[in-house]
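Please work through the following exercises on a helix and its aromatic neighbours, with the sequence and the coordinates at hand. Each task is followed by a solution in steps.

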Protein chains: 2
Amino acid sequence: MATGRTHRPATRSRGIPEATVARLPLYLRALTALSERSVPTVSSEELAAAAGVNSAKLRKDFSYLGSYGTRGVGYDVEYLVYQISRELGLTQDWPVAIVGIGNLGAALANYGGFASRGFRVAALIDADPAMAGTPVAGIPVQHTDDLDRIISDNGVSIGVITTPPGAAQQVCDRLVAAGVTSILNFAPTVLSVPDGVDVRKVDLSIELQILAFHEQRKAGEEAAADGTAAPAADEPAPPVRATPTNRKGPEGDMPAVMPA
Amino acid sequence: MATGRTHRPATRSRGIPEATVARLPLYLRALTALSERSVPTVSSEELAAAAGVNSAKLRKDFSYLGSYGTRGVGYDVEYLVYQISRELGLTQDWPVAIVGIGNLGAALANYGGFASRGFRVAALIDADPAMAGTPVAGIPVQHTDDLDRIISDNGVSIGVITTPPGAAQQVCDRLVAAGVTSILNFAPTVLSVPDGVDVRKVDLSIELQILAFHEQRKAGEEAAADGTAAPAADEPAPPVRATPTNRKGPEGDMPAVMPA
DNA sequence: CTGTGTGAAATTATTCACAGCC
DNA sequence: GGCTGTGAATAATTTCACACAG
């Protein structure tokens, strides 16, 4: 996450495993839906199904928070909503600033999912002077020059970067200098930040690439089963290494059809 | 991932750990940047820094692909770009369809990062008849009624769902029925899919919630160090359980100031 | 010498399975 | 009797550290 050396573990927080933290929002979403339907209690099995995980994992996750269930009965929905919200820090209001109001930035500004969960879009910032003043999602866009002031005035500690990749690091540095300590980065760049600043990234094309990997694998298996030739595609000339040596990659340099 | 029982591990694919697959796109991005700067070779240390991971992990990751480096020298950039691209299935063209052309769908349609890496937006689909024909990012929006035909005509195997949550499962079912086997889901819903279909999700508000968790933790530590009181916020009345029993949650029911 | 490739160790995450409480 | 909470078992991932190829 951070750039600096890892002195302390930092992988856990208050004893709650990172993997568990990442699932709490999932549980919270499922619980909120139940709450809206006025369901009073739910079993680990039901809730797990609604959240798309298995029940053992869910129970283990909850065990890190405390004993909030009732044996033989299940969990009190409202109570659990509150406990998870508190654990995630959602009982307070988090003003966020979005920097880079292009298509994606505007889409995020309009995204209802933020407001619904304790996050408030406090400011929109863009480097284009022409945009200054134009309201997006009802919020006037402000110019990058005022970034510092905007961050402090609004008490923003979470910044969202939706700039082009070339501008991301600079924006990041300015956000951090202004006091932001958590960054959600949509720009396809690795950001370096000082110790103590958290960065999470969302990279749309990475997600697709992971899907493509599995998709390709399925196609291969299918072909193996069917006897159908893989849709060879138009392989570009595979680059050969400057110093050809004995490689041992699974398929080697030649575009073969199937591995073992 | 899939709904059905897990007969086979499914966590690995062709022997490459899932965690490694998830990082390959990162390495590829860093390598592509080097390639554009005509850098001929790179060491694991340098590449790791550029990708934001540590070098031991990178070398271990590459070891699953084969021995593509040269001891004492490093990795041939072009060669590695090709090998990783091939491994990820990016030497072929993947037509994707985006369903739900609201703010986010439109932003994705306009997102340059897709085209740059083997993905082609082959179709935009929306349920609103008024949108039919309107071009978004130069591609005419088509109506959901024709979803089936659009998917097969374009040979789409990867679908992107950017509909409101209520419509997501239905759209997902139709995509799967039409032959889509990989789905990137932006709707904040758990999708159930038959075995053999991969789903990856991107949930913007979940990412923020994870940041908020860590942010809250920082605030706590700071307060502990400063002696400054936490900005107590306006705690809503914490719900009390129907049957009050001896809880053992770290902070209990009362809004306390600091944990141990 | 330098920097890869990789067994072995350490850490983290998931799953099992069942005692204990309601 | 049903369902939570959790130690113990298993699996996955990361990190270490060093042999050895170039």
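**Exercise 1.** Determine which residues of helix 3 of chain A are buried, and how they are arranged about the helix axis.

*Solution.* In this predicted model, helix 3 of chain A spans residues 55–65, and its buried residues are S55(A), L58(A), D61(A), F62(A) and L65(A). Viewed down the axis of helix 3 of chain A, these buried residues fall within an arc of 125 degrees, so they line one face of the helix. As a general rule, an α-helix has 3.6 residues a turn, so residues three or four places apart point the same way. The cover over the buried residues includes strand 2 (16–17), helix 1 (18–36), helix 2 (44–51), strand 5 (74–76) and helix 4 (77–88) of chain A.

**Exercise 2.** Describe what is found at the start of helix 3 of chain A and just after it.

*Solution.* At the start, a side-chain oxygen of N54(A) comes to within 3.2 Å of the backbone nitrogen of A56(A). Just after the helix, G66(A) adopts a positive phi of about 140 degrees.

**Exercise 3.** Classify the ring pair of Y27(A) and F62(A), and state which parts of the chain the pair ties together.

*Solution.* Over all chains, the structure holds eight aromatic pairs. For Y27(A) and F62(A), the ring centres are 5.2 Å apart and the planes stand at 80 degrees; since planes over 60 degrees apart count as edge-to-face, the pair is edge-to-face. Because Y27(A) lies in helix 1 and F62(A) in helix 3 of chain A, the pair ties together parts that are 35 residues apart in sequence. Both Y27(A) and F62(A) are buried, and ring pairs link Y27(A), F62(A) and Y75(A) into a cluster.

Definitions and conventions:
Residues numbered from 1 in each chain as written. Chains lettered and ligands numbered in written order. Predicted model: local features only at pLDDT ≥ 70, side-chain atom pairs only at ≥ 80, totals over all residues. Heavy atoms only, no water. Buried < 20%, exposed > 50% of the residue type's maximum accessible area, 1.4 Å probe, protein only. Helix = DSSP H or I, 4+ residues; strand = E, 2+ residues; numbered from the N terminus. Arc of directions from axis to C-beta. Contact = heavy atoms within 4.5 Å. Polar contact = N/O pair within 3.5 Å; in protein donor to acceptor, adjacent residues only side chain to side chain. Phe/Tyr/Trp six-rings, centres within 6.5 Å; stacked < 30°, edge-to-face > 60°.
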